[in-house]
Amino acid sequence: MTKRTIKKVAVLGSGVMGSRIALHFAGIGVQVLLLDIVPKEATESDSKILRNKIVNEALQAAIKSNPSPAYHKDVVKRISTGNFDDNLKDIATTDWVIEVVVERLDIKRSLYEKVEGFRKAGTLITSNTSGIPIHLLSEGRSDDFKKHFCGTHFFNPPRYLRLLEIIPTTDTDPEVVNFLLHYGDLYLGKTTVLAKDTPAFIANRIGVYGIMFIFDLAEKLGLSIDDIDALTGPVIGRPKSATFRTADVVGIDTLVKVAKGVYDNCPDDEARAVFQIPSWLHKIVENNWLGDKTGQGFFKKVKGAGSEKEILTLNLKTFEYEPRQKPKMASLEAAKPVDDLKQRLKMLAAATDKGGEFFRQFHYGLFSYISHRIPEISDEIYRIDDAMMAGFGWEIGAFESWDVLGVSATAQKMKEAGYTVAPWVEAMLQAGNTSFYKIEAGQKLCYEPASKTYKPIPGSHEFIILSNYNDKIIWNNNSCKVYDMGDEVLGIQWNTKMNTMGGDVLSGINKAIDLAEKSYKGLVVANEGTNFSAGANVGLIFMLAIEQEYDELDFAVRLFQNTMMRCRYSSIPVIAAPHGLALGGACEMSLHSDKVCAAAETYTGLVELGVGLIPGGGGTKEFVLRASAEMHEDEPETITLKNRFLTIATAKVATSAFEAFDLGIYRKGLDEVVINQSRRIGEAKKSVIELADSGYVMPVPHRDIRVLGRTALGALYAGINGMVQANYATAHDSVVAKKLAYVMCGGDLSEPALVSEQYLLDLEREAFLSLCGEKKTLERIQSVLKGGKPIRN
């Protein structure tokens, strides 16, 4: 087997996808050559600036787009640009060539012919096509080209949507396929799915079927656009964009194009009629109501009363836009408060209203369709679930949803309702196998129709899912579970709203450390679900402050501080593995861990100033400690402290784990970024073992933290006053910021001094408690608890 290393990639085509794929590769440290066509008006004698105008403008537009397609602003330095006429020869220096030009077979083939003239033998060559059959693209090319060619279908935006479909042809070398599956997972952070060369591949085939089937059901059941989006969003584990909003974002013309492609090219699809475009959808396209790209589609933004933006919904009967209507269905109202997704699915399946009828009919159709796609689009069922979760943002795959509702009982109901079930499912049930997935010894197994047996999902041993260890729970309370992860490592996770951290969670962390110190090498702190944690339970803080229970509030803050210090100063390594939101108290958890193994998509920061508080769980103390360690003789001490102060005072949030190093939250050379968030817990476990086996010694609390007292306090106060005078901050902002400055300077000391961590924690807690008594702070917290943004007061 030839060892293959990717040092440089060529991306051919700089449109929306090409430029963002280039930025994603640059974000993981790969050098990128981004090429596109020469402008028609340019001549051979024109400057490089003019001849590279198209590619440079496309790259700049991508960099400025929001949300950012890059992990960090500096990644663009790894991208060089050029054009097909002058720079195609430079692909000879690359290890992988990715074609991302317009979706036309003739244009792609013409480009490949030119690529053959410069590409060195053995170089990977792939296409990002979303619909053209892969085998047609490589026709007429050399054997070496065909051997190293396949489809690599990224989903837009590549940074945020984790799916990468790998689509080989019969000529593709299996070693190339295996390399791409591994590289996409480990280095690009993708859920890599092996797909067959069939129309729309896997995710779009299933996803567009689902949307088109929902369109049909909505018409039959008399449900509005607002009804459908309420029924097919977060309540069933799907994104907020649900169905019709997703179509607006993707582009209604794109949806129609994919549906038409399946209808035209899949004559044997038993559900082919679902892909037929209804007359009302044709009319929307003819009206050029294509969604976000044209300013209106199923929804339309208009200026309402007082210039406020209002979103109107299209009435599909009258073709008029109307104010949005909140659906009133008993099934929805009953399911929404239930946190557990699987429980919600069971409730909706049993509901007797129109919402329940829609839920059943939709899932019967979906389950029937996916069962018939095996083995047409995939030999393995887990690939279909992986594709839908990573490409369409589903929290749970379709086959796994079928498991939740009961495979046998649901199959019987489907047949009674007129839906067919694929023969292999019938055979599976007749053999006594009652589910598509099962857990054994902490590993997830999947039923394989071809062999009629359960097999481990390839590579899943690298993806540790704590809930798969439910038979290894050694301690739990109402919020937390502590698991034996094997290899003498414990793991803890909790399940609260937004995974916030209250008394139960803090007790759980302390208990987990106690258990690890007695019998284990160390502890991993991680959570499943969308987010690591939104921070401390501000609802509890608000309640105690309103009721003026200051002794209890003091106890709660002390408990948080002591727990964070316990994470830092215990006899075993404690490793945090955050992902998604890791704000406030969750950020403080990372600050006090021995090491952080953060998913690249981690959004972290000390955001307490936004609600009129300061970080009170040791975060303020830790920033002072780090500022003390960073002070250099060649720059004023106040500059280092000021930078740390501003990070907290402006409630800065890193929009990736890489940015968290810039903010001083993560430590260079110690903390680690894991591109594929499914690997973060596994990497954290490895770090525990490495630290323990290398002779981990409990650190000693600092007593030598340099604080600057009045030397810095006056300068910070002056800056705060200036912000208020310039109307950049309110009077209450000033009160909070001055409390923060006081703590970070070590109090009103007449000269710089060396202090202990406990000294700073006491100052931090006193300031926090005093701010809890501020009326304006309580108003801000109340605004957040009601679901709004912190009010400026």
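Predicted model: local features only at pLDDT ≥ 70, side-chain atom pairs only at ≥ 80, totals over all residues.
Helix 19 itself, residues 407–416, has a buried side made up of Val407, Thr410, Ala411 and Met414. Looking down the axis of helix 19, these buried residues fall within an arc of 105 degrees, so they line one face of the helix. Their packing partners are helix 16, helix 18 (398–405) and helix 20 (423–430).

Two packed helices are described by the angle between their axes and the distance between the axes. For helix 16 and helix 19, that angle is about 100 degrees, and the axes are 10 Å apart. Since angles of 65 to 115 degrees count as roughly perpendicular, helix 16 is roughly perpendicular to helix 19. On the helix 16 side, Tyr364, Phe367 and Ser368 take part, and they meet Thr410, Lys413 and Met414 of helix 19. Sorted by class, this contact has three nonpolar, two polar and one charged residues.

Helix 15 brings Leu345, Leu348, Ala349 and Ala350 to the contact, while helix 16 brings Gly356, Phe359 and Arg360. By class, there are five nonpolar residues, one polar and one charged in this contact.

Now to helix 3, which covers residues 53–64. Val55, Leu59 and Ala62 are the residues to look for inside, as they are buried. Seen along the axis of helix 3, the buried residues fall within an arc of 60 degrees, so they line one face of the helix. The cover over them includes helix 1 (16–27), strand 2 (31–36) and strand 3 (79–83).

In the loop between helix 3 and strand 3 you will find Pro67. A cis peptide bond joins Asn66 to Pro67, with omega at about 5 degrees.

Most residues other than glycine have a negative phi, and most peptide bonds are trans. With that in mind, a few more places deserve a look. A cis peptide bond joins Asn156 and Pro157, with omega at about 0 degrees. Pro157 sits in the loop between strand 6 (149–154) and strand 7 (163–168).

Phe201 is not a glycine, yet its phi is positive, at about 60 degrees. The loop that holds Phe201 runs between strand 8 (191–194) and helix 9 (203–221). Is Phe201 buried or exposed? Phe201 is buried, with a relative accessible area of 1%. Asn499 is also not a glycine and has a positive phi, of about 55 degrees. Asn499 belongs to the loop between strand 17 (489–494) and helix 21 (503–519). With a relative accessibility of 7%, Asn499 counts as buried.

Lys444 is part of strand 13 (residues 443–448). Its relative accessible area is 21%, which makes Lys444 partly exposed. Which residues does Lys444 touch, not counting those up to four places away in sequence? They are Glu400, Tyr437, Lys438, Ile439, Pro456, Ile457, Ser460 and Asn468. Thr126 lies 318 residues away from Lys444 along the chain, and the C-alpha atoms of the two are separated by 31 Å.

Ala92 has its place in the loop between helix 4 (84–87) and strand 4 (96–99). Ala92 is partly exposed, with a relative accessible area of 32%. Leaving aside neighbours within four places in sequence, Ala92 is in contact with Phe118 and Lys120. How far apart are Ala92 and Arg119 in space, C-alpha to C-alpha? The distance is 5.0 Å, although Ala92 and Arg119 are 27 residues apart in sequence.

How values were computed:
Residues numbered from 1 in each chain as written. Heavy atoms only, no water. Helix = DSSP H or I, 4+ residues; strand = E, 2+ residues; numbered from the N terminus. Expected span 1.5 Å × (residues − 1). Buried < 20%, exposed > 50% of the residue type's maximum accessible area, 1.4 Å probe, protein only. Arc of directions from axis to C-beta. Contact = heavy atoms within 4.5 Å. Nonpolar A, V, L, I, M, F, W, Y, C, P; charged D, E, K, R; others polar. Axes fitted to C-alpha atoms, helices over the stretch in contact; angles between N-to-C directions. Parallel < 35°, antiparallel > 145°, perpendicular 65-115°, else oblique.
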